[in-house]
Amino acid sequence: GDPLLVKVNKITSTKTQLPYSYYSLPYCQPDHIVDSAENLGEVLRGDRIENSPYTVFIMRESRMCNVVCRKVLDKKAAKAFKEKIDDEYRVNMILDNLPLVVPIRRPDVENAVVYQHGFHVGLKGKYSGSKEEKHFINNHLAFTVKFHKDPLTETARIVGFEVKPFSVKHEYEGEWNTKTRLTTCDPHAKRAVTSSESPQEVEEKEIIFTYDVEFQESDIKWASRWDTYLLMADDQIHWFSIVNSLMIVLFLSAMVAMIMLRTLYRDISKYNQLETQEEAQEETGWKLVHGDVFRPPTNFDLLCVYVGTGVQFFGMILVTMIFALLGFLSPSNRGGLMTAMLLLWVFMGLFAGYSSARLYKMFKGANWKSITLKTAIKFPATVFAIFFVLNALIWGQKSSGAVPFGTMFALVLLWFGISVPLVFVGSYIGFKKPVKEDPVKTNKIPRQVPDQPWYLHPAFSILIGGILPFGAVFIELFFILTSIWLHQFYYIFGFLFIVFIILVVTCAEITVVLCYFQLCSEDYQWWWRSYLTSGSSALYLFLYAAFYFFTKLEITKLVSGMLYFGYMLIVSYAFFVLTGTIGFYACFWFTRLIYSSVKID
């Protein structure tokens, strides 16, 4: 007998990627529209949760044929509905934190049901015998609320919220008033709506909105009520992708082990016995460049900035994944993932400042304040600029996906109020620490780099280096893209964590292997090359995103296309910084290791 609150959320479309608030369409409205408080993540996703005119939800009391209201559409309202039907918009609602779903039977499997999020605003169709396509609106909603009874007390909890939408041209006798009975849907005459036999067209006429509420007992326990929403049909693909990636990792690890053991062991023992032998004059390979290998590169301040940002990213992703693995960020916590990532990014500023300052001091850089400021501002400013332009585009479309000015201000406040000071604190600590000594002394005069064979040309080896890290993650990437752009839940963080570890290992190993080949051919300029080698996988990520756009998405609007590529550009940039930093640190560790184990006269 308790009243239940049904809330309406944004209306969404995978064709335009622009969400709108429910009341931007001329639907029936309650007397007062009350906006629910949204968290940061929800606002950024474009969720707008408001109360609804569906008020006759009384727990465990089924009621048929409730009239919401009667609307007479004018030209503008009819046009608004038609546009949204053309773009295949869906209406999202929430009851007791559960999203509304439409159950659809799968023809290939018996008794199998696929759940679709939200119901379509309407559909396009033709009357038999006519050529003209008409728009029909779903104006009758048959809701089913599933509940689970507590065997001890007589209370129950809601475990499911489903709807079957119908389009029905309602009829009634006489004049319309609040007490009018419909002849097309009357609980007293046992007339219920079971099909869309005579559908309701969208035109400049009246539309009567109605709904049924039915309660069904269910065996699903309250704790596992999200399981039906999160059914993954294809976890075999994920296992396949992980096995595939592990093959790459094993292959690379074998290569690294070979280099380490064979070459280093042989080379070092040979170098260290040189004193006794006559061929001391002729040294080959990486030993020759020992006097230049730790010479600071050109633009080393920029390298420090990028490495610091990468560390910040790595920390954010690692902690987010651990939280997600422990189940703090399940999809039932709307916007939780987004909020967590933003806050973690801000707090990881500490590590960004620290690592960029340590590196800068090692390069004997003098003005640490400028480097700190760049670390704190360079990456976020680039992302913020792209985000600002995209937001202006969304705002121009009057979509609810546009981030309001208040939230924008809150983001800037987070950035300058918490992130920037933390970067300075980290950088101060990093600068106070004594610098690591180089294992070998650097010569005064740089030696000449001999001509390199074509396969060791920087551009070629950098592009080759990005293929393997990308190959390790691209199947998982497909699922992530699908969950973002086709509005499905992504929650298999266990798989994602394994794939992330594989990505880290692959980036590190491919960089070490290519770095070793480069040093062997007496090219000592490895600092930037190591960053770009694994970072180039971001280029493949962006190309894959473009491929996905043209093969999987049905986006036709220019604005929506710009949105897609704008966001994917941000993602690729972040991926570049992350993978580049991993590669750089692997190479940094590798060079220090091999040069510290050699006797140099």
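**Close-up views of a predicted model**

**View 1. The second largest cavity and its lining.** The lining residues divide into four nonpolar, five polar and one charged. The model shown here, and in every view below, is predicted. The second largest cavity holds a volume of about 50 Å³. Its lining consists of Ser461, Thr511, Leu514, Cys515, Gln518, Trp526, Arg529, Ser530, Thr533 and Cys587. Two elements, α10 (493-520) and α11 (527-535), each supply two or more of these residues. The top contributor is α10, with four residues. Trp526 takes part in this lining; Trp526 is also listed among the residues with the most contacts inside the largest nonpolar core.

**View 2. The largest cavity.** In total, the structure holds three cavities of 30 Å³ or more. About 80 Å³ of space lies in the largest of them. Its lining is made up of Val101, Tyr115, Lys146, Val159, Gly160, Phe161, Glu162, Ile220, Arg225, Thr228 and Tyr229. Strand β12 (residues 156-166) gives the largest share, four residues. By class, the lining has six nonpolar, two polar and three charged residues. Rolling a probe the size of a water molecule over the atoms shows where empty space is left.

**View 3. The largest nonpolar core.** This core has 96 residues. Those with the most contacts inside it are Phe313, Phe379, Leu519, Trp526, Trp527, Tyr564 and Tyr595. Helix α13 (residues 558-596) provides the largest share of the core, 16 residues. Another core, of 52 residues, lies apart from it; Leu73, Trp226, Ile394 and Ala402 are among its members. In soluble globular proteins, nonpolar side chains tend to be buried together.

**View 4. The surroundings of Tyr595.** Which residues does tyrosine 595 touch, leaving aside its neighbours within four places in sequence? Its contacts are Trp286, Val289, His290, Val293, Phe294, Pro439, Val440 and Leu519. Leu519 and Tyr595 are both named among the residues with the most contacts inside the largest core.

View 5. The side chains of Arg60 and Glu154 form a salt bridge, with an N to O distance of 3.8 Å. Arg60 sits in the loop between β2 (50-51) and β3 (63-72), and Glu154 in the loop between β11 (140-149) and β12, so the pair ties together parts that are 94 residues apart in sequence. Arg60 is partly exposed, at 31% relative accessible area. Glu154 counts as exposed, at 57%. The salt bridge count for the model comes to 18.

**View 6. Lys205 and Glu203.** These two side chains meet in a salt bridge of 3.3 Å, N to O. Lys205 is partly exposed, with a relative accessible area of 44%. Glu203 is also partly exposed. The value for Glu203 is 23%.

**View 7. Arg295 and Asp292.** The cut-off for buried is under 20%. In this salt bridge the closest N and O atoms are 2.7 Å apart. Elsewhere, salt bridges that share partners join Lys10, Arg45 and Asp47 into one network.

View 8. Most residues other than glycine have a negative phi. Gln17 has a positive phi, near 60 degrees, and is not a glycine. Gln17 lies in the loop between β1 (6-12) and α1 (40-45). Gln17 is buried, with a relative accessible area of 11%. Glu522, also not a glycine, has a positive phi of about 60 degrees. Its place is in the loop between α10 and α11.

**View 9. The whole chain, for orientation.** The protein contains 13 helices and 13 strands. Its C-alpha atoms fill a box of roughly 115 × 60 × 50 Å along the principal axes. Of its 601 residues, 50% count as buried. Among contacts between residues at least 6 apart in sequence, 80% join residues at least 24 apart.

How values were computed
Residues are numbered from 1 along each chain as its sequence is written. This is a predicted model: local features need pLDDT of at least 70, side-chain atom pairs count only at pLDDT 80 or more; totals for chains, interfaces and linings use all residues. Side-chain values use heavy atoms; hydrogens and water are left out. A nonpolar core is a set of buried Ala, Val, Leu, Ile, Met, Phe, Trp, Tyr and Cys residues joined through side-chain atoms within 4.5 Å. Buried means under 20% relative accessible area, exposed over 50%, partly exposed in between (1.4 Å probe, protein chains only). Contact means heavy atoms within 4.5 Å. On a 1 Å grid over the protein atoms alone, a cavity is a set of points where a 1.4 Å probe fits but cannot get out, and a pocket is an open set with protein on both sides within 12 Å along at least five of seven lines; lining residues have an atom within 4 Å of a point. Grid points are joined across faces, edges and corners, and a volume is the space filled by probe spheres set on the points. Ala, Val, Leu, Ile, Met, Phe, Trp, Tyr, Cys and Pro count as nonpolar, Asp, Glu, Lys and Arg as charged, and the others, Gly among them, as polar. A salt bridge is a side-chain nitrogen of Lys or Arg within 4 Å of a carboxyl oxygen of Asp or Glu.
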